[in-house]
Amino acid sequence: VEPQLLLACGSFNPITNQHMRLFELARDHLHSTGQYQVVGGIVSPVSDSYGKQGLVQAKHRIAMAKLALQSSNWVRVDEWESQQPDWTETVVTMRYKTCTLNTLPSQYHALPFPSGHSPQLKLLCGADFLDTFKVPGLWQDEHVEEVAGRFGLVCVSRGRLQPEQAMHESDTLSRHRQNIFLVREWMRNETSATEVRRALRRGLSVKYLIPDSVIEYIHKHHLYTEDSERRNKDVVLRPLSKQVQQPVNSWDD
Amino acid sequence: MDPLGVTPVVLLACGSFNPITNMHLRMFELARDHLEDSGRYRVVKGIISPVGDGYKKKGLIEACHRLQMARLATENSDWITVDSWESLQSEWVETAKVIRHHYEELLAAQADSNDVDTVKHTKKRRMDENYFESSSHQKRRDGPQLMLLCGADVLESFGVPNLWRQEDITEIVGRYGLACITRSGCDPHKFIHQSDVLWRHRKNIHIIHEWVANEISATHVRRALRRGRSVRYLLPDAVLQYIQECDLYSDVSEQKNADVVLAPLQRYTGGSSS
């Protein structure tokens, strides 16, 4: 049984119950194979330099994610990516995590794993993420190769999206299909951070879509308003403006 | 006092709540936002009324547990409450009777706070058939309006033979009103159009569109629990903890009432009436 760590990259603007559901579904799925044991989950919010419209400051996104995950005994928040001065490619974040795993393991996992068996890092993402691989110029080929081949993907499908199709259409993904785990979510849950922000701007209730503690934090800091939604308006997303073509983040909604 | 023309509303949700999920709680939030946004209503209270064990639905666990879970789930709400009256009845109670019971409770509560004259006036008006048949809420200035909160499936179920008594449907939509949450892919206006009763009282039926699909069925939750899958974030943590402590949903519990006919069908089929 191989120990696994699940890493989720994205805006988490704000974190929603659906984000946390993805971890639960992915863990159940990997455990049901009988081959893996998920020893921890990591939420890695993107840095402010990502340049996405409506992205509030990383310190708030981190604080909200921490509040939301306070009651989880296996998913943690990692601040490294959000603290980088420039936007970080997902694969770079994964490399960094792998390096630090061996030196600071206790920070990232909740359950003990056999010594000498470092956990394997896998990228946790929604089904729409696989589609981004085929967008021309968005990903560097060697990064796709590394994420799918060296690390592995756990992809949770929501709604009508067909991750199988995206896998079939990519030679790289097809080649590494044993390393890509498709998890089916049987219930239609389309809670997205975009919808949550929209409701908050309009004064509508978001209770039971995001944890109460996060709602309190948002109100206390007046986080999501029409003003905040205009942040980075007309700014080109950092992955697209970076000289080299770079990957997008996985949990943008 | 409410500003002129703003009617206080109490939302009543009937169902199995086996177990209560975040979707049930979301329905209350969506309905309140929608009704208050109209400027005509102020939602003052929500009531969750779990069905009694006599309903005989497959997999329905004891009412005491379903009540307790609903109470735990609403601990952090300042307006949604749980009521045990329906679940404590030995036999299944028609929804129309449950609504009637809660309306009487509301009037009684109001009587405590109002002067005698107003109460007499209210009761007098209650007995006036024309008042009940009227769909104009503005006439009900002196009491809160009770609305049945439900999913579009309930509206659809009005058309299922032997599930509802026709007089009950008339009473529910005519006297009280419906706050009906609808999901994409479902057209409640079609059901209203196809039913003369619903059409006549269409102004009493508030269709509320869910802006983000959030389909958490209790059936799915029970299935996941039986299979040892995580249901976290689908229902409140306190409810999940209670389920685990009491070991509530298993293959055995799902077989409860497996071959029993649903109480309403028993009651209305073949002219038998209890």
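Reply: Helices (H or I, at least four residues) and strands (E, at least two) are DSSP runs, numbered from the N terminus. Before going on, keep in mind that this is a predicted model, where local features need pLDDT of at least 70, side-chain atom pairs count only at pLDDT 80 or more, and totals for chains, interfaces and linings use all residues. Residues are numbered from 1 along each chain as its sequence is written, chains are lettered from A and ligands numbered from 1 in the order in which they are written, and side-chain values use heavy atoms, with hydrogens and water left out.

Me: Which residues of helix α6 of chain A are buried?

Reply: The general idea first: an α-helix has 3.6 residues a turn, so residues three or four places apart point the same way. In α6(A), residues 141–151, the buried ones are H143(A), V144(A), E146(A), V147(A), A148(A) and F151(A). Buried means under 20% relative accessible area, exposed over 50%, and partly exposed in between (1.4 Å probe, protein chains only).

Me: What is the mean pLDDT of chain A?

Reply: pLDDT is the predictor's confidence in each residue, from 0 to 100. For chain A the mean is 86, and 88% of its residues reach 70 or more. Within that chain, confidence is highest in helix α2 (residues 58–68), at a mean of 98, and lowest in helix α12 (residues 238–241), at 77.

Me: Now strands. Which residues of β5(A) sit on each side?

Reply: In a regular strand the side chains alternate between the two faces of the sheet. Here L153(A), C155(A) and S157(A) are on one side of β5(A), with V154(A) and V156(A) on the other, and all are buried. As for neighbours, two strands pair if DSSP finds at least two bridges between them. β5(A) pairs with strand β4 (residues 120–126) of chain A in the parallel sense over 4 bridges, and L123(A) has L153(A) as its bridge partner. Another 5 bridges join β5(A) to β6 (residues 180–184) of chain A, also parallel, with V156(A) opposite V183(A).

Me: And in chain B, how many residues of strand β5 are buried?

Reply: 5 of the 5 residues in β5(B), which spans 178–182, are buried. L178(B), C180(B) and T182(B) point one way, while A179(B) and I181(B) point the other. The strand runs parallel to β4(B), joined by 4 bridges, and parallel to β6(B), residues 205–209, joined by 5. You can find L148(B) opposite L178(B), and T182(B) opposite H209(B).

Me: Last one: what volume does the largest pocket have?

Reply: Rolling a probe the size of a water molecule over the atoms shows where empty space is left. On a 1 Å grid over the protein atoms alone, a cavity is a set of points where a 1.4 Å probe fits but cannot get out, and a pocket is an open set with protein on both sides within 12 Å along at least five of seven lines; lining residues have an atom within 4 Å of a point. The largest pocket has a volume of about 1300 Å³. Of its 48 lining residues, the closest to the centre are C14(B), G15(B), K57(B), D153(B) and V154(B).

Definitions and conventions:
Grid points are joined across faces, edges and corners, and a volume is the space filled by probe spheres set on the points.
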